[in-house]
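Reader: I have the sequence and the model open. Take me through the geometry, one question at a time.

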Amino acid sequence: MMNIPVVRTAVLFGFFALRIAQGQTCDTYVVPSLDGGFTTRQSIDFSRVSPGTNVTSVLSSNGISISSYGVTAGPVPHTFTPDNLAFDSGSLNMKVSAYSGSGAILSSEMVTNDIFKYASVRTVLKSSPVGGVVEGNFFYLNDNQEIDWEILTSTTLQPSAEVPAGIWATNQALVPGQPSTHTTVPFTFDPSQDYHEYRIDWVADATTFYIDGIQKARLTTNVPTQAGHWIWNTWSNGDPAWSNGPPTADSVTHIRSIDIYKGYTSTPSGNICNI
C-alpha cells in the first residue's frame with residue numbers, strides 16, 4: 001500500500017474552484033492558531049459527482065488510490081476491496097459488508113498517492129448507524145508515525161464493556177513498545193444523523209483535532225516527524241476491545257468532501273488566506 005507513485009496535481013471541485021473564478025487566489029493558507037502556513041490546497045467535492053460514476057477514475061484524477069489487501073489480525077480477518085466504494089447521491093460511500101459468518105469481512109479504504117509532512121485535513125462525513133465498524137481518518141507512514149481521528153460505531157454515544165463512548169484522537173507511539181498519546185472525546189450529537197467536518201491540524205509541536213471547527217483535543221507528545229500518506233477507511237475485525245461487531249447489516253459511511261492543506265512553510269508570504 002505504501003509503494004505508490006506520487007501525484008502532484010489534483011482536480012479541484014466546488015468552493016475552491018469558485019474562489020479561483022472570482023479571482024480570490026491564495027499563496028499561503030494560514031490557520032490562525034498555528035505558526036506558519038500551507039502553500040497548497042486540494043479540494044474534492046463528492047457531492048457533485050453523479051451516482052454510478054467510476055470511483056477509481058475520479059479518485060485517481062485527485063491523486064487517491066483504492067486499497068486492495070487483506071488483514072489477518074483480530075478475531076476475524078478483514079479485506080479492503082475496491083468494490084466497497086461507490087458514489088451515491090451527494091457522497092462517496094465507503095461500505096463494510098454485513099458479515100456472513102465465515103471468511104473475511106469486506107471493508108473499504110482509500111489513500112493519497114502523495115506523501116506530505118504537516119497538514120490541515122478536513123473531511124466532511126456522515127457516520128454509519130450500523131454498529132461494529134471503525135471509521136478511520138488518519139495520517140500514516142508506519143505504526144510509529146501515525147495520527148488517528150476514529151469513530152467506533154458501536155460506542156459513539158454509549159460505552160461497551162471494554163470501550164468508552166466517543167471519538168478517538170491518537171498519536172501512536174514514536175518508539176516501538178512505548179505508550180501512545182490518546183484521548184476520547186464524547187459526542188454532543190449522533191454522528192450518524194448528519195454531516196459534520198472532522199479535522200486534524202498537524203505541525204511540529206502538536207496535533208489538534210476539531211469537529212465542525214471547534215477544537216476537541218490537542219496532543220503534544222508522540223507527534224509524527226516524517227512525511228506520509230493520508231488514509232480514510234472503514235473496517236471491522238470483531239474485536240470486543242475495539243471495533244466490536246462484526247456488523248450484521250451493511251454499514252455505509254458517507255463522505256461528502258475532503259480538503260487537504262499541505263506544503264508547509266514557516267514563513268507565510270504573498271496573498272494570505274485564513275482558513
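Reader: Which strands each supply at least two residues of the lining of the largest cavity?

Author: The model is predicted: local features need pLDDT of at least 70, side-chain atom pairs count only at pLDDT 80 or more, and totals for chains, interfaces and linings use all residues. Numbering runs from 1 along each chain as its sequence is written, and side-chain values use heavy atoms, without hydrogens or water. A cavity is a set of points on a 1 Å grid over the protein atoms alone where a 1.4 Å probe fits but cannot get out, and lining residues have an atom within 4 Å of a point. Strands are DSSP runs of E, at least two residues, numbered from the N terminus; those supplying at least two lining residues each are β10, β11 (145-152), β17 (229-235) and β18 (251-265).

Reader: What is the volume of the largest cavity?

Author: The structure holds 1 cavity of 30 Å³ or more. Volume here is the space filled by probe spheres set on grid points, joined across faces, edges and corners. For the largest cavity that comes to about 90 Å³.

Reader: Which residues of its lining are closest to the centre?

Author: The lining holds 8 nonpolar, 5 polar and 1 charged residue. Asp, Glu, Lys and Arg count as charged; Ala, Val, Leu, Ile, Met, Phe, Trp, Tyr, Cys and Pro as nonpolar; the others, Gly among them, as polar. Of the 14 lining residues, the closest to the centre are L125, E135, G136, N137 and N233.

Reader: Which backbone atom does the side chain of N142 reach?

Author: N142 sits in strand β10 (residues 134-142). N142 counts as partly exposed because its relative accessibility is 31%; buried means under 20%, exposed over 50%, partly exposed in between (1.4 Å probe, protein chains only). At 2.8 Å, its side chain reaches the backbone nitrogen of N144.

Reader: How many residues apart in sequence are the parts that C26 and C273 tie together?

Author: C26 and C273 form a disulfide (cysteine sulfur atoms within 2.5 Å), with their sulfur atoms 2.0 Å apart. C26 lies in the loop between α1 (15-21) and β1 (28-30), and C273 in strand β19 (residues 272-274), so the parts tied together lie apart in sequence by 247 residues.

Reader: Is that disulfide left-handed or right-handed?

Author: C26 and C273 are both buried. The torsion about their S-S bond is about -85°, so the disulfide is left-handed.

Reader: How many residues apart in sequence are the parts tied by D259 and R41?

Author: The side chains of D259 and R41 meet in a salt bridge (a Lys or Arg side-chain nitrogen within 4 Å of an Asp or Glu carboxyl oxygen), at 2.7 Å, N to O. D259 is in strand β18 and R41 in strand β2 (residues 37-45), so the separation of the tied parts is 218 residues.

Reader: Is R48 buried or exposed?

Author: R48 forms a salt bridge with D45, with the closest N and O atoms 3.0 Å apart. D45 is buried because its relative accessible area is 14%. With 59%, R48 is exposed.

Reader: What is the relative accessible area of K262?

Author: K262 meets D114 in a salt bridge (3.2 Å, N to O). The pair links distant parts of the chain, 148 residues apart: D114 in the loop between β8 (105-112) and β9 (119-126), K262 in strand β18. D114 counts as buried at 9% relative accessibility. K262 is buried, with a relative accessible area of 9%.

Note on methods: Helices (H or I, at least four residues) and strands (E, at least two) are DSSP runs, numbered from the N terminus. A polar contact is a pair of N or O atoms within 3.5 Å; within protein, one must be able to donate a hydrogen and the other to accept it, and residues adjacent in sequence count only if both atoms are side-chain atoms. On a 1 Å grid over the protein atoms alone, a cavity is a set of points where a 1.4 Å probe fits but cannot get out, and a pocket is an open set with protein on both sides within 12 Å along at least five of seven lines; lining residues have an atom within 4 Å of a point.
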